[in-house]
2 protein chains.
Amino acid sequence: MTEVKTVTASMIIIGDEILSGRTKDANLTHLSLWLNRMGVQMREVRVIPDVGQVIQDTVNDLRHGYDYVFTTGGIGPTHDDITAENVAKAFGVPFVQSAESLALLKKHYGIEKISDARLRMTMIPEGASLIKNPVSTAPGFQMENVFVMAGIPVVMQSMLLDLEQRIFGGDKMLSRAIHVFEGESQFAKMLVEVEQEFPHVSLGSYPFFRNKKFGASFVFRSQVAAELDAAVDMLKLKISASGREWFDGEAAL
Amino acid sequence: MTEVKTVTASMIIIGDEILSGRTKDANLTHLSLWLNRMGVQMREVRVIPDVGQVIQDTVNDLRHGYDYVFTTGGIGPTHDDITAENVAKAFGVPFVQSAESLALLKKHYGIEKISDARLRMTMIPEGASLIKNPVSTAPGFQMENVFVMAGIPVVMQSMLLDLEQRIFGGDKMLSRAIHVFEGESQFAKMLVEVEQEFPHVSLGSYPFFRNKKFGASFVFRSQVAAELDAAVDMLKLKISASGREWFDGEAAL
């Protein structure tokens, strides 16, 4: 019997800007791909507004359901940056000044220039540890299995560097894809047959519409490399045997 | 007293492809902007995997909390297209063949060419009405306040044309923005003062990092046009009075 170790994550994107459509989120894709390299699978993402109670409820919903939770957005110095205080409330711990964060800020700006707004960024839930980054003087923080990060993509990405030693993954989810340039319904039966053959492979069919024609990418995912390859080979054989054509790799697109 | 009518929506993006980071969602932004033009505010988005129970639970969570719920993804002809049957389960109604959908399909393909896979796409929850579209022969459907749409952006977008008469909005959320090219913390106090002055205006500060410098967009949102304009004017005055500069419009970015 093949045993696989699965580690899961969820993400909370905090920001009216994303919900309103004014700003496109750029963090989900980056975080998912990074987590996958760490052996962690993203299982759920929620985009929520800058509303305290919603932040608290969402953090508490997700932190018990997944191994890790990542939040982005709402940790700056302005009145609408309410993520940190609401994560403290979600955990039921005091919201306190981090001496380490204050020291970082003093070093960066010189003591006399620290405004109330910047001091706000040194507040974290009691018991949290900082997530430092080379881009911004405002650190994120880790509270148990919840990682609170910036929303600006370049800052969020630089925070991940500080997390590499704190995330413990399982067996990586491997994936391969082949593509066809006909409607996916022609292949529906084969896909079922292949998926049924391999218990550790999930097989997704993702239609696309390009140059006024439908096509589909068949994406195989598995934590077991041998099954993954065998499943791809089986589908290729079935497609060829039906007189149709498949194409390998992203280049085919 | 100013009264405003607020109508809300949430969105469920269904697909392992989005969660894995392989595909970037392109529907959230489009739907949010479209809804805003209809007078509806997007309040929550969830990205979930192709897992039946998760789809049911999420639909039931959201359909009671928002005026409208929109789903994208998982309504094609293959084995992983399980959205429709799970929406039926969420509502506790039978999953039945739509005579209207079958007629559309027969008309398009000619009766003898309809495969089992394609027939699968004619199944909808009992009591649902079709969402037709000119791009694909596979319709979406509306079940009470839940709108089930395709994941392919061009198809999803074309389905919205069929929804314009079915969505009843409230007062539109209007927005304006000004920008600064200094760190947002310099402006934190002014933002609080302006927001406190106008009960129907929400003011967000969205930092950005460009050309190695921080800046920020201050975005005003309100359903009351006069308050919106007055709030923008007040912040401009405060910024100018402090000896700093603000910039108008997207062109400034």
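How many bridges join strand 10 of chain A to strand 11 of chain A, and in which direction do the two strands run? The model is predicted.

**View 1. Strand 10 and strand 11 of chain A are joined by 10 bridges.** The two strands run antiparallel. Strand 11 covers residues 213-222. One pairing to pick out is that of Ser202(A), whose bridge partner in strand 11 is Arg221(A).

**View 2. An open sheet of four strands in chain A.** The strand order is 10-11-9-12, and the pairing is antiparallel. Strand 10 (201-210) and strand 12 (247-248) form the edges. Each of these edge strands pairs on one side only.

**View 3. Helix 8 of chain A packs on the sheet.** This helix spans residues 188-197. It touches strand 10 and strand 11 of chain A. The direction of helix 8 makes about 155 degrees with that of strand 10.

**View 4. Helix 9 of chain A lies across strand 9, strand 10 and strand 11 of chain A.** Helix 9 takes in residues 225-241. Strand 9 is the stretch 174-180. Helix 9 runs at about 10 degrees to strand 9.

**View 5. Chains A and B are related by a rotation of 180 degrees.** The shift along the axis is 0.0 Å, and chain B superposes on chain A with an RMSD of 0.0 Å. This is therefore the relation of a two-fold axis. In chain B, the C-alpha nearest the axis belongs to Arg46(B), 2.2 Å from it. Both copies use the same surface: 100% of the contact residues of chain B recur in chain A.

**View 6. The side of chain B that touches chain A.** Here 45 residues of chain B are in contact with 45 residues of chain A. Several elements of chain B each supply at least two residues to this side, including helix 2 (27-38), helix 7 (153-161), helix 8 (188-197) and strand 10 (201-210). Strand 2 of chain B gives the most, with seven residues. By type, the residues on this side of chain B divide into 20 nonpolar, 13 polar and 12 charged.

**View 7. Strand 2 of chain A meets strand 2 of chain B.** Three bridges join these strands, which run antiparallel. Strand 2 of chain A covers residues 40-48. Arg46(A) stands opposite Arg46(B) in strand 2 of chain B.

Conventions: Residues numbered from 1 in each chain as written. Chains lettered and ligands numbered in written order. Predicted model: local features only at pLDDT ≥ 70, side-chain atom pairs only at ≥ 80, totals over all residues. Least-squares fit on C-alpha atoms with pLDDT ≥ 70 in both. Contact = placed C-beta atoms within 7 Å. Nonpolar A, V, L, I, M, F, W, Y, C, P; charged D, E, K, R; others polar. Pairing = 2+ DSSP bridges. Axes fitted to C-alpha atoms, helices over the stretch in contact; angles between N-to-C directions.
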